[in-house]
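The coordinates are shown first, and the description follows.

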Amino acid sequence: MAMFLRFLGILPHDDNKVDSATGLTERQKKLVQNTWAVVRKDEVGSGIAVMTAFFKKYPHYQQHFNAFKDIPLNELPANKRFQAHCASIISALNSVIDSLHDSGLMEANLVVLAERHKKRGQTKLEFENLKEVMLDVLRQALGRQYTPEVAEAWRKTLDSAFTKIYQVLAS
């Protein structure tokens, strides 16, 4: 009943309560979801920003993608298969961010994602490198909105999500 009353705005949320499944406070979840709204407005463009930054920093990873491994980096943004892949990355992240308040659903989304990448031979190191690039792209995309509080919320969110991915990759 209390959850229903909070949903209606009758009872206040405890923004400092820590979710044991994610390690995030309610406030941090809101910060992540609110700032993610900026990114998700342009799924293709945001995905392109992440993947081109990833390939610039780690050019050898482009060879893992048969559909566009031989395309010069500066031509990738115009490539429709690359755009489709980039949009699918942001779509997968949408599912994770949207399910921050349902840790079971979030975990299920991450397991599916990790299993798919495990079949392709992706490693923990590749995900670690991607996480680093994602945080940098978020910082650039959000500009002044990327406050120290937002940065910490995003770091904790990605640490939580990637920990589940690493568990699946190791199994």
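The model is predicted: local features require pLDDT of at least 70, side-chain atom pairs count only at pLDDT 80 or more, and totals for chains, interfaces and linings use all residues. Residues are numbered from 1 along each chain as its sequence is written, and side-chain values use heavy atoms, with hydrogens and water left out.

**Helix packing**

Two packed helices are described by the angle between their axes and the distance between the axes. Axes are lines fitted to C-alpha atoms, for helices over the stretch in contact, and angles run from 0 to 180 degrees between N-to-C directions. Helices are DSSP runs (H or I, at least four residues) numbered from the N terminus.

| Pair | Crossing angle | Axis distance |
|---|---|---|
| α4 and α5 | roughly 155° | within 8 Å |
| α5 and α7 | about 50° | 9 Å |
| α3 and α6 | roughly 120° | within 9 Å |

Helices α4 (residues 80-98) and α5 (residues 103-119) are therefore roughly antiparallel to each other (angles over 145 degrees). Their crossing is left-handed, a term used where the near helix is turned anticlockwise from the far one by less than a right angle, with right-handed for clockwise. In α4, Ala92, Ser95 and Val96 are in contact with Met106, Asn109, Leu110 and Leu113 of α5 (heavy atoms within 4.5 Å). This contact comprises 5 nonpolar, 2 polar and no charged residues; Ala, Val, Leu, Ile, Met, Phe, Trp, Tyr, Cys and Pro count as nonpolar, Asp, Glu, Lys and Arg as charged, and the others, Gly among them, as polar.

The crossing of α5 and α7 is right-handed. Residues of α5 in the contact include Met106, Leu110 and Leu113, and those of α7 include Ala161, Ile165 and Leu169. By class, the contact of α5 with α7 holds 9 nonpolar, 1 polar and 4 charged residues.

The roughly 120° angle between α3 and α6 makes α3 oblique to α6, and the crossing is right-handed. Ala49, Val50, Ala53, Phe54 and Lys57 of α3 meet residues of α6 including Leu130, Val133 and Val137.

**The largest pocket**

A pocket is an open set of points on a 1 Å grid over the protein atoms alone, where a 1.4 Å probe fits, with protein on both sides within 12 Å along at least five of seven lines; lining residues have an atom within 4 Å of a point. The largest pocket holds about 620 Å³ of space, the volume being that filled by probe spheres set on the points. Its lining has 27 residues, of which His85, Ile89, His117, Phe127 and Leu130 lie nearest the centre. Helices α3 (43-57), α4, α5, α6 (124-142) and α7 (148-170) each supply at least two lining residues, and α4 gives the largest share, 7 residues. The lining comprises 18 nonpolar, 6 polar and 3 charged residues.

Notes
Angles under 35 degrees count as roughly parallel, over 145 as roughly antiparallel, 65 to 115 as roughly perpendicular and the rest as oblique.
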